[in-house]
Amino acid sequence: CSRAARPASRSAWCSEESLVWTMLLDHKDAKWSSKDREYVLHALREWASSPQAKSAANVKHEIIWTREIIGAELENVVADPILMDYLLDENRPHDVGSLAHRYTGFGGYDAGMDEYWYPTRTPSGRTVRQPDYRVTPGAVLMQYNAMDSVVEFLSVKAMLRELPPDLARVQTEVLLPAAYTLASVEKWGWKVDRSVLSDLRATYLSRKEVAKAGLRRFHSFERFEKAYGDFNLDSFPHKVRFFYGYDWKTRSKLPDGEDKFLDLPVDDEFLTNSGHPSTGEVWRAANISNPVVAAYSELARLHGIIKAFLTPLPNYLDADGLIHTDYNAARVVSGRLSSSNPNTQNWPDDLAFWRIFVSRFPDGLFGKYDYSQAELRVLAELSGDPILMGIFQRGEDVHLRTARDFLEISDEEWAV
């Protein structure tokens, strides 16, 4: 720390007690000589691969960074405060800023970074505010990172007292080892055939135009577009006015005498938090045989696939045609793994999408694997229920056995 922090370098910062230190490795304000930079990388490689216990917030990201920048494997990570907080309560935010408020006296420590957050357009087309570390002054960035470390360390100490032993095992035996696998999968990526992707998008755009032309055959839809212009499938006011005869501004049905178009009944059970009717419940509120609703349903399905998958997907491809999606172990409340940037786990139910992905190897093949009733097997193991464990030990189908027991069908009757 003292070597790196000499005034001439201005590339490292230490607390007075030297309990926390941080440095700029690749930054406009970093002043390393090539010799000093290599010295630091060598020290970090030794530390990363040492048996010393380590904690890391968002451990998967740190594994990737250590592999790519330092050139070493991050060994013996025993805790990730984000994963720990997720195990304690999956329904709350788990970012380091939230941990600071929850477990330390340093809530709001990152307020000084606000002026360095800028609007950024994501590959999916959304605009979000993100920090730009390249333009953040080095002194500000180092103290911010040092406080990150303090908050993470204090959070881990606090949660070690709260985390039950069984959940602690989930972290050490499942989530932390999985982070290394996910880091490798993200690095390898998915190979995409650009021409197949382009052709599939053109096919869906053509199908969307056919579906929209079909919807325009209905007099109610024709009247709507004559009054309000081209129907915007992403416009909530358009949808509630057309389906319900509902005015979004006044939050009420249109008065008598105005064209209410399809005029479906507004069901109070299906109101959004803001008090508007939920267009997601159109198909429940209307008879499924309603031809206008059926035609709109198909159009909206095609539009959603184009918008969510086929249009943004090319923006995620690297120079080699690979997608490096982000796998999230602490995102959804169900405890399942999720993915983002882009979402590669919830593809449309269309086998044509399978052709987008190809092997990167000559004559390569894809393998598809799935666990058999994984959640129920875990339930049997953790609960020790003798009936459930017996079903799996005998190789029975748990769903058939459940149906048999529910219908009170004996073994003799089942054999017949």
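Setting aside neighbours within four places in sequence, V59 is in contact (heavy atoms within 4.5 Å) with V77, D80, L83, L176 and A179. The model is predicted, so local features need pLDDT of at least 70 and side-chain atom pairs count only at pLDDT 80 or more, while totals for chains, interfaces and linings use all residues. Residues are numbered from 1 along each chain as its sequence is written, and side-chain values use heavy atoms, with hydrogens and water left out.

V59 and I63 touch the most other members of the largest nonpolar core, which has 45 residues. A nonpolar core is a set of buried Ala, Val, Leu, Ile, Met, Phe, Trp, Tyr and Cys residues joined through side-chain atoms within 4.5 Å; buried means under 20% relative accessible area (1.4 Å probe, protein chains only). At least two residues of this core come from each of α1 (34-48), α2 (59-70), β4 (77-79), α3 (81-88), α4 (96-103), α5 (138-162) and α6 (165-188). Helices (H or I, at least four residues) and strands (E, at least two) are DSSP runs, numbered from the N terminus. With seven residues, α5 gives the most to this core. Another core, of 35 residues, lies apart from it and includes L299, I305, A352 and F353.

Two of these helices, α4 and α5, pack at an angle of about 55°, and their axes are 9 Å apart. Axes are lines fitted to C-alpha atoms, for helices over the stretch in contact, and angles run from 0 to 180 degrees between N-to-C directions. The contact is made by V96, L99, A100 and Y103 of α4, together with D148, V151, E152, S155, A158, M159 and E162 of α5.

Key: Buried means under 20% relative accessible area, exposed over 50%, partly exposed in between (1.4 Å probe, protein chains only).
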